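Here is a short briefing for a first look at this structure. Please keep the sequence and the 3D view open as you read.

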Amino acid sequence: SNYGESLERRKAEGADIRVVYSPMDALEIAKKNYNKEVVFIGIGFETTTPNSAIAVETAVDEKIKNFSLFSIHKRVEPVLRHLINMDDFEVNGFLCPGNVAVIIGEEGFEFLVNEYKIPSVICGFEAVDIIYSIYRLSDMIINNTPCLENEYIRVVKKKGNEKAKAVI
């Protein structure tokens, strides 16, 4: 195949390319099609990596030899650092994703305040979470009091999920 060739084009040419909901769905396809190599493309941040690792572990445990993971997972911290260090960076604060914070914990976002003095709020996904987090972030920006607040305390802990972090 040529560099830059898309999966969409390969599918149009007859390749068996499917969108699946989870890596375990891809593993099930491998089980049912033992004569074909099934490659799951793992995409996402800290929240998707553990599920991909579980699928690989399951494939090894069940001796499923036609399943592979092509991992292009990313970590939030290096991406945010890259963004912050861009010449045209003009962000006054961050609403940090609660789903990622469940994995990496509050600690995973402390660098935003400790190193860059950027106000940041770990935010949940319900309307009240978002509204309150925007309020808290706005207050920090207006008063020039950068800190990291966890407004998703019902789910996010200081250290996150140690078992999930172990596979990242």
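A residue is called buried when its relative accessible area is under 20%, exposed when that area is over 50%, and partly exposed in between. Glu107 has a relative accessibility of 31%, so Glu107 counts as partly exposed. Keep in mind that this is a predicted model.

**Salt bridges overall**
- How many salt bridges does a search of the whole structure find? The search finds 15.
- Side chains of opposite charge can pair when their charged atoms come close.

**Glu107 and Lys159**
- Glu107 forms a salt bridge with Lys159. The closest N and O atoms are 3.1 Å apart.
- The pair links distant parts of the chain, 52 residues apart. Glu107 sits in the loop between α5 (98-104) and α6 (110-114). Lys159 sits in the loop between β5 (148-150) and α8 (162-165).
- Lys159 has a relative accessible area of 48%, so Lys159 is partly exposed.

**Arg154 and Asp129**
- A salt bridge joins the side chains of Arg154 and Asp129, at 2.7 Å from N to O.
- Arg154 lies in the loop between β5 and α8, and Asp129 lies in helix α7 (residues 127-143), so the pair ties together parts that are 25 residues apart in sequence.
- Asp129 is buried, with a relative accessible area of 6%.

- The side chains of Glu77 and Arg81 form a salt bridge, at 2.8 Å from N to O.
- Both residues lie in helix α4 (residues 76-84). They are four residues apart, about one turn of the helix.
- Glu77 counts as partly exposed because its relative accessibility is 23%.
- Which residues are linked in a network of salt bridges? They are Arg75, Glu77, Arg81 and Glu115.

**Ser52**
- Ser52 lies in helix α3 (residues 49-61).
- Ser52 has a relative accessible area of 3%, so Ser52 is buried.
- The side chain of Ser52 makes a polar contact with the side chain of His73, at 3.2 Å.
- What else does Ser52 touch, leaving aside neighbours within four places in sequence? Ser52 is in contact with Pro23, Phe40, Gly42 and Leu69, as well as His73.

Conventions:
Residues are numbered from 1 along each chain as its sequence is written. This is a predicted model: local features need pLDDT of at least 70, side-chain atom pairs count only at pLDDT 80 or more; totals for chains, interfaces and linings use all residues. Side-chain values use heavy atoms; hydrogens and water are left out. Helices (H or I, at least four residues) and strands (E, at least two) are DSSP runs, numbered from the N terminus. Buried means under 20% relative accessible area, exposed over 50%, partly exposed in between (1.4 Å probe, protein chains only). A polar contact is a pair of N or O atoms within 3.5 Å; within protein, one must be able to donate a hydrogen and the other to accept it, and residues adjacent in sequence count only if both atoms are side-chain atoms. Contact means heavy atoms within 4.5 Å. A salt bridge is a side-chain nitrogen of Lys or Arg within 4 Å of a carboxyl oxygen of Asp or Glu.
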